[in-house]
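User: I have a new model open and want a quick tour. Can we go through it together?
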Amino acid sequence: MAASFPPASAATAAPSGAGLRELWRLVRLPNLLIIMLCMVLVRISLLRPQVPQIKPLDVPFALLMLATVCVAAAGYIINDYYDVKIDAINRPERLVVGRAINRRHAMLTHLILSGLGILISGALSPLLGLVHMGSALLLWGYSVRFKRVALVGNVSIAALTAASVLLPELQLRTGNQAVWAYALAAFLLSVVREIIKDIEDMRGDAQHDCRTLPIVAGVAKAKWVAGFFLLNLAVLLTGAIWQSLQLHRWALGAWLGGLVLLPLLVFSRQLARADRKQHFSRLSLWCKMLMLAGILSMLLV
């Protein structure tokens, strides 16, 4: 099924206000803000109590956030660049590249943002530069090939999500173990969300020879795989709640139990019952809300 798009001149002729809205949609502005919020809370709530001399926000950390946002935004752009035909089937109302933004301009913007992010992080430290270079390459590989291979694309994006949690720790190297626990939780929940998105997008993916998990193994088995990651996440959360109570951090234990673990159990039940596209769309949003609740719990650590 071929999709037709307006010529390049029409794609760039949108009013400035509409064009700005399309740009924010292209780079997934809410997701970028969540990444920044997570990095700030990791630094302030997890790392600063252990190393009090750390400033809440300084120039090196601001540059790290800028580099991370640049690479993440570039990843969203290149993903949409290669997914024009699939998105025309799965999400025609949200199509940006090729309709509101010229494809050549999208590719150029991707290259500029990726290069800028790698250069900035490399100037901060060789390790951060390597992490961002690896992230940019993984995002490109995901867009071109990995997302079309069962579980490989899911795990790739989940690993990048976990990396965004770890970046403040990799910059300061405090040895804080809680950061790694949050990164693991982010990884597990992200794998679940990516599997759910694959189920939601089966129609367009199948028409373009994608071999995602639900296409290869079926929806029922894909839900079982998602359930496996949910089970591990529930075990991790239960351990975190128990440790919080042992340390008399009642507010943190109550938050994790009431706003993360309990909704996660309800989410698991809804996933088992889901059988329509709108069900999986709603579950994908649930994953975002669970992720945000988990991030905000850092305020109580």
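User: Is aspartate 80 buried or exposed?
Analyst: Aspartate 80 is buried, at 7% relative accessibility. Buried means under 20% relative accessible area, exposed over 50%, and partly exposed in between (1.4 Å probe, protein chains only). This is a predicted model: local features need pLDDT of at least 70, side-chain atom pairs count only at pLDDT 80 or more, and totals for chains, interfaces and linings use all residues. Residues are numbered from 1 along each chain as its sequence is written, and side-chain values use heavy atoms, with hydrogens and water left out.

User: Which side chain meets aspartate 80 in a salt bridge?
Analyst: Arginine 28, at 2.9 Å, N to O. The pair links distant parts of the chain, 52 residues apart. Aspartate 80 is in helix α4 (residues 59–82), and arginine 28 is in the loop between α2 (16–26) and α3 (29–47). Helices are DSSP runs (H or I, at least four residues), numbered from the N terminus. A salt bridge is a side-chain nitrogen of Lys or Arg within 4 Å of a carboxyl oxygen of Asp or Glu.

User: How many salt bridges are in the whole structure?
Analyst: Three. One of them joins aspartate 58 and arginine 43, at 2.9 Å, N to O. Aspartate 58 is in the loop between α3 and α4, and arginine 43 is in helix α3. Aspartate 58 is partly exposed at 24%, while arginine 43 is buried at 2%.

User: What does glutamate 194 pair with?
Analyst: Lysine 197, with the closest N and O atoms 3.6 Å apart. They are three residues apart in helix α9, so about one helical turn separates them. Glutamate 194 is buried at 6%, and lysine 197 is partly exposed at 22%.

User: What about aspartate 198, which side chain of opposite charge is nearest?
Analyst: Lysine 147, 6.7 Å away. Aspartate 198 is buried yet has no salt bridge. Lys and Arg count as positive, Asp and Glu as negative; His and the chain ends are not counted. Aspartate 198 is in helix α9 (residues 177–200).

User: New topic. What sits over the ring of tyrosine 81?
Analyst: The charged end of arginine 103, 4.2 Å from the ring centre. The rule is NZ of Lys or CZ of Arg within 6 Å of the ring centre and within 35 degrees of the ring normal. Tyrosine 81 is buried, with a relative accessible area of 17%.

Note on methods: Helices (H or I, at least four residues) and strands (E, at least two) are DSSP runs, numbered from the N terminus.
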